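Student: I'm new to this one. Can we go through it together, and can you tell me what the labels rest on?

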Amino acid sequence: MASSNFIDYVKINVRSGSGGAGSLHFRREKHVEKGGPDGGDGGRGGHVILKGNSQLWTLLHLKYTKHLKAFDGKGGEGGRRSGSIGKDIIVEVPLGTIAKNAETGEQLFEITEDGQEVILLKGGRGGMGNDHFKSATNQTPQHAQTGEAGLEAWVILELKVLADVGLVGFPNAGKSTLLSVVSAARPEIADYPFTTLVPNLGVVSYRDYKSFVMADIPGIIEGASQGKGLGLRFLRHIERNSILLFMVPADSEDINAEYETLLQELRIYNPSLLDKNRILAISKIDVLSEEERADLIKQIPASIPSILISAITQEGIEQLKDQVWNLINSPLSVK
């Protein structure tokens, strides 16, 4: 994912179509005296609809489209002919998109399935023609309804990436390297902080043709909740992950302290994130000697399942996949 192409937040103005007016019309046929009312109904205005598309991964296509308007319904005609319905506007969005009211911040709905359609704004109702208003005492009604006006609103669309496991760690913890090793994803990898500026997704192959989705989230640092580094902007993307895979490099000065710092930043952002299953992976284990490994194991917190891995030598990678797969298919175990 190129950083210039990954857009996870847009604010757009949407308007549904107005309904068509009902017809005020009377029959005019040769040799037929006093033809009665036969005005048809107006067509409803077009809806604005959001539709899930599993092939999309960004809101880029909406970045420069600030105004979307559905079409108006057509007016009714004589002979009880109804006007045509206004054309709907269907906006395709990636799975994990949330629609919010821009003024109140209220969440309206979310799109989580491919092909799922939800009406964002309903089109105006078409007016009834004068045929509806005839009666024994009013045989020539001189009245037909106007169409109902369409709706207009500013809406925020916010993308939260859907994945089975999200990678959480400080910059340069080896998250992007791990993702590139276990999947076909090719995130940017370099020896300086914040090489990952946008979330990256990869499909990890498992035994018997099974697979799961892994998300690499841009690194967070202590004080991210106060806006340091990249802040907490991208943490929304792990709210939908069923498992959090914490990564701490083996050359860290204090593994336990680094893990607790990450937990604290998540707690400040959204305490419910700590209710998810968690695994602690100690990365870059290939740089340590046997004696250093023994000392490192003593530092690992006993409250969380842990594993030593190396993306370079592949040590522990298959065992990590096993742990992830077992947790995906098991109830919550870490609180």
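**Contacts, burial and a helix**

Student: What does T146 touch, and what makes that a contact?

Tutor: Leaving out residues up to four places away in sequence, T146 touches A21 and G127. Contact means heavy atoms within 4.5 Å. Keep in mind that this is a predicted model, where local features need pLDDT of at least 70, side-chain atom pairs count only at pLDDT 80 or more, and totals for chains, interfaces and linings use all residues. Residues are numbered from 1 along each chain as its sequence is written, and side-chain values use heavy atoms, with hydrogens and water left out.

Student: Why is T146 called exposed?

Tutor: Exposed means over 50% relative accessible area, buried under 20%, and partly exposed in between (1.4 Å probe, protein chains only). T146 has 65% relative accessibility, so T146 counts as exposed.

Student: And why is S176 called buried?

Tutor: S176 has a relative accessible area of 8%, so the label is buried. UniProt, in an unreviewed entry, places the feature "binding site" at S176 and T196; such annotations may be inferred rather than shown by experiment.

Student: Which residues of α4 are buried, and what makes them line one face?

Tutor: They're I317, L320, K321, V324, W325 and L327. Seen down the axis of α4, they fall within an arc of 165°, so they line one face of the helix.

Technical notes. Helices (H or I, at least four residues) and strands (E, at least two) are DSSP runs, numbered from the N terminus. The arc is that of the directions from the helix axis to the C-beta atoms.
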